[in-house]
Amino acid sequence: MTNLIPVQEVKKKLHQIGPMKGFKVVFIKKSGEVRTIVGSMGVPKTPNEDFKSAVPLIEEETGQYRSFSLDSVIELAVV
């Protein structure tokens with residue numbers, strides 16, 4: 001089994017990255033497939049908005065919105 005990053009640590013890293021900055025996330029999809037997305041988060045509606053169970057981001061390669069679950073992250077890094 002792959003080691004997942006704890007949800008609170010994922011939230012902390014996402015807050016450190018902030019909106020409109022590129023990052024890479026590797027996560028496990030519901031189907032069990034491992035997926036990597038490079039993208040950025042949009043600007044939150046309110047300051048200090050907490051992340052829900054899924055995080056929306058704009059995929060760099062396609063310009064499309066994607067999302068990942070906070071409890072499925074294997075790797076999270078600034079690019």
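Biologist: Which residue of β3 does Ser40 stand opposite?

Modeller: The model is a predicted one. Strand β2, residues 34–40, is joined to β3 by two bridges, and the two run antiparallel. Across from Ser40, the residue in β3 is Ile58.

Biologist: How many bridges join β3 to strand β4?

Modeller: β4 covers residues 65–69 and runs antiparallel to β3. Within this pairing, Leu57 stands opposite Arg66 in β4. The number of bridges joining β3 to β4 is five.

Biologist: Which residue in the turn of the β3 and β4 hairpin has a positive phi?

Modeller: β3 and β4 form a hairpin, with five residues between them. In that turn, a phi of about 75° belongs to Gly63.

Biologist: Which element gives the most to the lining of the largest pocket?

Modeller: The largest pocket has a volume of about 490 Å³. Of its 21 lining residues, the closest to the centre are Gly42, Val43, Pro44, Glu49 and Phe51. Both α1 (7–17) and β3 (54–59) supply at least two residues of the lining. With five residues, the element that gives the most is β3.

Biologist: How many residues of the lining of the largest pocket are charged?

Modeller: The lining of the largest pocket includes 12 nonpolar residues. Another five are polar. The charged residues in this lining number four.

Conventions
Residues are numbered from 1 along each chain as its sequence is written. This is a predicted model: local features need pLDDT of at least 70, side-chain atom pairs count only at pLDDT 80 or more; totals for chains, interfaces and linings use all residues. Side-chain values use heavy atoms; hydrogens and water are left out. On a 1 Å grid over the protein atoms alone, a cavity is a set of points where a 1.4 Å probe fits but cannot get out, and a pocket is an open set with protein on both sides within 12 Å along at least five of seven lines; lining residues have an atom within 4 Å of a point. Grid points are joined across faces, edges and corners, and a volume is the space filled by probe spheres set on the points. Helices (H or I, at least four residues) and strands (E, at least two) are DSSP runs, numbered from the N terminus. Ala, Val, Leu, Ile, Met, Phe, Trp, Tyr, Cys and Pro count as nonpolar, Asp, Glu, Lys and Arg as charged, and the others, Gly among them, as polar. Two strands pair if DSSP finds at least two bridges between them.
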